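Dear colleague,

Please find below the structure I wished to pass on to you. My notes on it follow directly after.

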Amino acid sequence: MTEGPTPGPAPGRPLDCAPGRPVDMNAFLAAVVDGLEEDILLLDRDGRVVDVNRTMYARLGRSKGDIVGLHCSALEGGDFCRRPRGSCPYQETLATGRKAEAVHSQVGPDGRVQFVRVYTYPLNDESGRTTHVVEMRRDITARTFTEQRLQQAQKMAAIGELSTYIAHEIRNPLFAIGGFAQALLRRDDLAAEVREKVSIIMEESRRLDAILRSILNYARPSDARAGAAEAVDVNLVVAETVRLMSIGCEPEGIRLVTDLAPDLARAKGVAELLKQCLVNLLKNSMEAMDGRGGVISVRTAMSGAMVLVQVRDEGAGIPEEIRDKIFNPFFSTKDTGSGLGLAMIRKIVEEAGGSVELESKVGLGTVVTLLLPPALAVDHGPLDESVRPA
């Protein structure tokens with residue numbers, strides 16, 4: 001079902017609606033179009049802008065005169081028209097004389113992707129020939145994000161069911177394989193060639209067991225949701241984690257720097273889980289540097305009512321085509337690993353009531369921001385007698 005625009009009042013264009021006086025329909029339509037939250041363009045058969053509503057030229061920070069006469073592809077830059085999901089709706093409407101729609105995407109100056117659904121409608125003359133096309137552009141980034149969160153929740157439910165099967169049907173025979181391999185390795189009469197092959201079996205059994213543990217840990221609720229949340233000194237956790245990780249950074253020519261806010265509120269969560277998130281983020285940043293060295297910075301601050309922890313690197317950046325997949329469980333660009341590191345970070349932070357944001361530019365680096373809810377000054381002392389249940 002096609003989404004309908006939501007009209008609103010147009011500032012600066014009052015309508016004369018006195019009783020008994022006819023309404024100026026041109027002024028009425030102009031007020032409605034200018035009051036819409038969506039961008040509205042009127043295009044000719046050459047794709048050039050004939051008219052545009054207030055919402056669009058205000059968003060672009062330009063006057064209507066600057067926009068009229070431009071080709072529609074020049075309004076948002078070349079990337080906007082080169083990345084549609086499907087054919088160009090403007091061209092489709094010109095060719096068919098019917099309405100069309102498509103989803104376009106573009107990367108903003110902050111490195112984040114924006115999704116825009118474009119609707120086009122034909123305007124025909126008396127002979128039925130399409131002379132102009134009305135184009136409406138609606139930002140659906142927030143809705144797309146909500147849909148992705150829903151898909152993530154559905155995946156989590158499926159993983160939870162699968163993990164139970166894995167625990168009973170795979171881990172038990174794997175444990176037996178590892179036990180028999182360990183028993184063979186303890187024998188003194190084992191030939192060197194056989195011992196090498198048994199060692200490989202033992203090593204691969206351990207690797208599979210580690211993957212199974214990761215899956216089970218990901219599927220079960222974390223301590224942050226299970227009621228073990230505490231008031232975490234985020235600056236202390238960051239300092240300890242950076243001190244731990246700096247040992248591995250020095251040989252790679254990587255410098256870890258911190259910028260810790262002195263008046264930072266304590267965050268609601270579990271210190272060890274937050275430390276786990278930071279270790280994973282710093283490992284990813286180190287690998288993104290690809291031996292070239294550079295700076296990884298960790299910053300803490302208050303962002304509105306949330307506690308912010310931000311990790312910024314100077315690595316290769318994340319290509320746009322995989323940017324919306326990297327938090328998916330089991331998705332990995334590495335030859336080794338289970339692909340659960342970033343998925344686990346998002347799970348831990350969201351179960352604590354926070355959120356994770358990612359910005360990345362290819363060749364310039366990546367910024368991952370954790371937004372954590374603050375610990376509230378609530379006294380959890382004994383229940384007052386006046387409200388104690390009978």
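Is helix 12 mostly covered or mostly uncovered, and how many of its 11 residues are buried? The model, which is predicted, shows this helix to be mostly covered, with nine of the 11 residues buried. Those residues are Leu-342, Ala-343, Met-344, Ile-345, Arg-346, Lys-347, Ile-348, Val-349 and Glu-351. Just after helix 12, Gly-353 adopts a positive phi of about 100°.

One partner of this element deserves a description of its own. Two packed helices are described by the angle between their axes and the distance between the axes. For helix 10 (residues 271–289) and helix 12 (residues 341–351), the axes come within 10 Å and cross at roughly 145°. The crossing is left-handed. Helix 10 contributes Leu-273, Gln-276, Cys-277, Asn-280, Leu-281 and Asn-284 to the contact, while helix 12 supplies Gly-341, Leu-342, Met-344, Ile-345, Ile-348 and Val-349. By class, the residues of this contact comprise eight nonpolar, four polar and no charged.

As to the chain as a whole, there are 12 helices and 13 strands. Of its 390 residues, 34% are buried. Among contacts with a separation of 6 or more, 61% join residues 24 or more positions apart. The accessible surface of the chain is about 22500 Å², and carbon and sulfur atoms account for 55% of that area.

With kind regards

Definitions and conventions
Residues are numbered from 1 along each chain as its sequence is written. This is a predicted model: local features need pLDDT of at least 70, side-chain atom pairs count only at pLDDT 80 or more; totals for chains, interfaces and linings use all residues. Side-chain values use heavy atoms; hydrogens and water are left out. Helices (H or I, at least four residues) and strands (E, at least two) are DSSP runs, numbered from the N terminus. Buried means under 20% relative accessible area, exposed over 50%, partly exposed in between (1.4 Å probe, protein chains only). Contact means heavy atoms within 4.5 Å. Accessible areas come from the Shrake-Rupley method with a 1.4 Å probe; for residues, only the protein chains shown count as cover. Axes are lines fitted to C-alpha atoms, for helices over the stretch in contact, and angles run from 0 to 180 degrees between N-to-C directions. A crossing is left-handed if the near helix is turned anticlockwise from the far one by less than a right angle, and right-handed if clockwise. Ala, Val, Leu, Ile, Met, Phe, Trp, Tyr, Cys and Pro count as nonpolar, Asp, Glu, Lys and Arg as charged, and the others, Gly among them, as polar.
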